[in-house]
Structures are given as structure tokens and as C-alpha cells.
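Dear colleague,

Please find the structure below, handed over for your study. My notes on its charged side chains follow it.

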Amino acid sequence: MTVANNQHSVLLENVFGLISKKVDKSQANHAEQFSRILFKNISKEDLEDRNDSDLYGASLSLWNEFVKYDAAKPSIRVFNPEIAKHGWQSSHTIVEIITPDMPFLVDSVRICLNRLGITAHLLLHSPITLKRNSDKTLDAFVEATSKAKNVTKETVFLIEVDRQTSKKALDELADELLSVVGEVSLA
């Protein structure tokens, strides 16, 4: 469950500190802003039994997809992170979604998971208002109320679901989510 909790989190401050130290200086500021947006509504309960290195890894994994996202089609990634391969781990399967913001996204994703009988153990979603350059790279995060030119709104999801153990199950979940997001965009 994700409910806004404005209490200071030492764990999240450690995550933001890791970003400042480890991410290339040319991207560190934007990566930290992105992580603060991503985690701004995470509940205290959802932070229990987590460590800073895995939250850092999850945030950076989604950031690396977000920074190169071009909005031509939704980006959906479903995988089981491993330390040797991804630099972080989770006991759950991770779903990352990046898509232009639109109504009914969150409910549609939840309905899809329920229909498939898959439990979401963590579902973070954040609409992000931003400007991208002509080459689709991130220029700046902007306030949601901004009236500036070339402002777009994209939504990112970081979801932890029941562990899917086969490549077929991972691919089927990704395909199903892609279909759902496509249907929402048509509506």
C-alpha cells in the first residue's frame, strides 16, 4: 500500500546520498530528483525490511529506462533482478512501466494484475511533468501546473509482484500489461 507519509526517512536519504555519490555527475541531480518523485508517496510500512542498496538499484533501474524513453510507445519491463546481473535484488518480480500520462492507468494496471491472479506487493506510480529536448533526452522536471512550451506528462510505475519464475511467465505479464496500456491510450 502506498500512502503519503511526510516523515523524514533516513533510509531514503541514504538512497539519495548513494545517487549523489555513484551516479555520473552530469546526471546525478536529475536522477536524485527522479528518485524523490518516485518515492514521495511510499508509506513507512512499505519501507520496512528494505535496504538502501536495493532501493537505490530499483530507482536507478527505472531511471535508466526513463532517461532514454521517447514516448513513441510505452516502455514495459518485467524481470527478476539479480545482484550479479543488475547490481541489486528483490524476492519479487519487478515491473517497470513508463508511458505518457493518461486517465485510468493505475486502475487498469491493478485490474490486469488481479485478473492474472498476481499480487502486487508494492505499487508506486508517479505522474512526472517534464521537458525533453528535441532528441528526447530529459531537459528538466517542471511543476505540474507549468504552462511552459513543450511540457509533457509521463507516468512511471515501479511494481513488485509475486515472483514469476519462468521466462514465459515474465513475457506473458509484459505482453498483457502492454496490451492494457495500449487499450487505455485508445480510450
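**Charged pairs in the predicted model**

E96 counts as buried, because its relative accessibility is 2% and buried means under 20% relative accessible area, exposed over 50% and partly exposed in between (1.4 Å probe, protein chains only). This is a predicted model, in which local features need pLDDT of at least 70 and side-chain atom pairs count only at pLDDT 80 or more, while totals for chains, interfaces and linings use all residues. Residues are numbered from 1 along each chain as its sequence is written, and side-chain values use heavy atoms, with hydrogens and water left out.

The side chain of E96 forms a salt bridge with that of R77, at 3.5 Å from N to O. The term salt bridge denotes a side-chain nitrogen of Lys or Arg within 4 Å of a carboxyl oxygen of Asp or Glu. By this rule, the count is nine salt bridges. In general, side chains of opposite charge can pair when their charged atoms come close.

The pair of R77 and E96 links distant parts of the chain: R77 belongs to strand β1 (residues 75-79) and E96 to strand β2 (residues 93-100), 19 residues apart. Helices (H or I, at least four residues) and strands (E, at least two) are DSSP runs, numbered from the N terminus. R77 has 25% relative accessibility and therefore counts as partly exposed.

A second salt bridge joins R115 and E176, at 3.0 Å from N to O. R115 is in helix α6 (residues 105-115) and E176 in helix α7 (residues 167-186), so this pair ties together parts that lie 61 residues apart in sequence. E176 is partly exposed, with a relative accessible area of 25%.

A further salt bridge is that of E154 and R132, at 2.9 Å from N to O. Here strand β5 (residues 151-161) holds E154 and strand β3 (residues 120-132) holds R132, so the pair ties together parts 22 residues apart in sequence. E154 counts as buried at 4% relative accessibility, and R132 counts as buried at 13%.

D54 is part of helix α4 (residues 52-66). Leaving aside residues up to four places away in sequence, D54 touches W88 and Q89, where contact means heavy atoms within 4.5 Å.

Yours sincerely
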